[in-house]
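Hi everyone, thanks for making time this morning. I'd like to talk about cavities today, so let me put the sequence and the structure up on the screen.

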Amino acid sequence: MFPTERPRRLRRSGPLRRLVAETDLLPRHLVAPLFVAEGREHPRPIESLPGHVQHTRDSLRREVAELARRGVGGVILFGVPATKDPLGSGAYDDEGIVQVALRDVVAEVGDDLVVMADLCLDEYTDHGHCGVLRPDGVVDNDATLEYYGRAALAQARAGAAVVAPSGMMDGQVGAIRHALDDAGFSDTAILAYSAKYASGLYGPFREAVGVEIAGGGNRSTYQQDWRNRREAHREVRLDLDEGADMVMVKPAMTYLDILRDLREAVDVPLCAYHVSGEYSMIKAAAERGWIDGDAVAREQLGALRRAGADFILTYFAGEIAGSIS
Ligand code: PBG
């Protein structure tokens, strides 16, 4: 009458559970997204991302050094320029804020962790779209590729080990790969935001970088529709054909099916972006005492590893690196 198979036997103690754990979450699996603002004298807290700030050049250097000390796998930089224009020139100017910050950070930490740069125009355009616009206001895919190529070169020259195109223009990975190779940067790697969905979860990020999409618009004409699963394979196939070294699924928790599909389909490193809204939801509920924020963060990031992510972009990177090593 009593059960002979007893899975609970292996759950009796911490050491037993640790011995048979199928996946793990370590600091090296985490990449910290960081914001750096041009011309700022003091770091400015980002209200919707508690614990995060728009960094000054100095505070950014210190933060990255601390993350390296905690064993975090990498950082990815986002810029907040002092001025914006229709063509997003801050994204590819050698003196643009991210390029300047990349040089600072590389000088500070060298190869202690992987220094990445997000590659897009939206933080730098006055209309807030990820590409340049045609006169009728539509995002011009092919004209945008030229600017992405320039941004890739500026970031590579500034010392980025990895550039990460996030604009979801068709052909962006190929354009960037060509631009890099032609200029002798064949060792600069590309992490493609391949399966990036038009999501309601990017709100806090847009506050963090001060992006407002012109006319109350959205990104549904270039980011993926969340009703689609098969389409993610198509996006990833194209990015790999064009030379992507690593591919990403974004957001994370609502796309575990996509992550699992892709894990089985590709042999390149796969990453998940646990985005700003995912972080803020946990923080907000924890602040009210409704959940244990630390436990939920570990559970969610652990679930991403279980679903197949090799590494994870997460605003929790610095905070939890200390408690999971
Ligand atoms: C575009 C970009 C976005 C994010 C990363 N890169 C915003 C967007 O697509 O609107 C969002 C990340 C997050 O919400 O954490 N440059």
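Let's start with helix 7, which gives 3 residues to the lining of the second largest cavity, the most of any element. Please keep in mind that this is a predicted model.

What else lines that second cavity? Besides helix 7, which spans 230-241, strand 7 also gives two or more residues to the lining of the second largest cavity. As for volume, the second largest cavity comes to about 70 Å³.

Now let's step back to the whole model. How many cavities of 30 Å³ or more are there? The count is 4.

The largest cavity has a volume of about 110 Å³. Its lining is made up of 16 residues, and those closest to the centre are Asp122, Lys196, Phe205, Arg219 and Lys250. Which elements give two or more residues to the lining of this largest cavity? They are strand 7, residues 189-196, and helix 6, residues 203-209. By class, the lining of the largest cavity has 7 nonpolar and 7 charged residues, with 2 polar ones.

Note on methods. Residues are numbered from 1 along each chain as its sequence is written. This is a predicted model: local features need pLDDT of at least 70, side-chain atom pairs count only at pLDDT 80 or more; totals for chains, interfaces and linings use all residues. Side-chain values use heavy atoms; hydrogens and water are left out. On a 1 Å grid over the protein atoms alone, a cavity is a set of points where a 1.4 Å probe fits but cannot get out, and a pocket is an open set with protein on both sides within 12 Å along at least five of seven lines; lining residues have an atom within 4 Å of a point. Grid points are joined across faces, edges and corners, and a volume is the space filled by probe spheres set on the points. Helices (H or I, at least four residues) and strands (E, at least two) are DSSP runs, numbered from the N terminus. Ala, Val, Leu, Ile, Met, Phe, Trp, Tyr, Cys and Pro count as nonpolar, Asp, Glu, Lys and Arg as charged, and the others, Gly among them, as polar.
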